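Student: Could you go through this structure with me? I'd like to talk about its side-chain contacts.

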Amino acid sequence: MNPGAQKFRTARPTDQLAALEHFYVKGLGLHVLGRFEGHNGYDGLILDFGLAGVEIEFTSHVNGSPCPAPSADNLLVFYLENAAAVEEVRQRMAS
């Protein structure tokens with residue numbers, strides 16, 4: 001990353017942190033950058049998209065999500081490089 005470059009991280013609450021880790025890491029093939037536990041009642045998982053400075057963070061609060069789950073219109077969209085990449089992800093998800 002260039003010295004003046006910025007990072008982009010989006011964060012989402014969840015009550016299913018372990019299931020999301022399995023989906024995004026085992027299924028989609030993202031990499032775990034870090035995790036935290038017990039930070040003001042929150043546990044979290046930070047994932048790397050494989051693009052410099054682009055990350056996603058999922059958080060889970062000890063008392064449950066502080067807001068409703070994302071709606072059907074609130075999506076994370078992944079554009080894969082080609083049909084072979086789509087097939088690779090499809091196979092991982094199927095297993």
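Tutor: Let us start with a term: a residue is called buried when its relative accessible area is under 20%, exposed when over 50%, and partly exposed in between. Please also keep in mind that this is a predicted model.

Student: Okay, so is Y24 buried or exposed?

Tutor: Y24 has a relative accessibility of 8%, and because that is under 20%, Y24 counts as buried.

Student: What about the ring of Y24, which ring is it tilted against?

Tutor: The ring of Y24 pairs with that of F58, with the centres 5.0 Å apart and the planes at 35°, so this pair is described as tilted. Y24 belongs to helix α1 (residues 17–27) while F58 belongs to strand β4, so the pair links distant parts of the chain, 34 residues apart. F58 counts as buried too, at 3% relative accessibility.

Student: How many aromatic pairs are there?

Tutor: There are two aromatic pairs in the structure. Besides the tilted one between Y24 and F58, F23 and Y24 form an edge-to-face pair, at 5.0 Å centre to centre with 85° between the planes. F23 is partly exposed, with 37% relative accessibility, and the ring pairs join F23, Y24 and F58 into a cluster.

Student: Switching to charges, how many salt bridges does it have?

Tutor: The count is five salt bridges. One of them joins E55 and R9, whose closest N and O atoms are 2.6 Å apart. Since E55 sits in strand β4 (residues 54–61) and R9 in strand β1 (residues 8–13), the pair ties together parts that are 46 residues apart in sequence.

Student: And which residues are in a network with E55?

Tutor: R9, E55 and E57 are linked in a network of salt bridges.

Student: Where do E87 and R90 lie?

Tutor: Both E87 and R90 lie in helix α2 (residues 83–94), three residues apart, which is about one turn of the helix. They form a salt bridge whose closest N and O atoms are 2.8 Å apart, and each is partly exposed, E87 at 31% and R90 at 46%.

Student: Which residue does R92 bridge to?

Tutor: R92 forms a salt bridge with E88, again with the closest N and O atoms 2.8 Å apart. These two residues, R92 and E88, are both in helix α2 and four residues apart, about one turn of the helix. R92 is partly exposed, with a relative accessible area of 25%, and E88 is partly exposed at 47%.

Technical notes: Residues numbered from 1 in each chain as written. Predicted model: local features only at pLDDT ≥ 70, side-chain atom pairs only at ≥ 80, totals over all residues. Heavy atoms only, no water. Salt bridge = Lys/Arg side-chain N within 4 Å of Asp/Glu carboxyl O. Buried < 20%, exposed > 50% of the residue type's maximum accessible area, 1.4 Å probe, protein only. Phe/Tyr/Trp six-rings, centres within 6.5 Å; stacked < 30°, edge-to-face > 60°.
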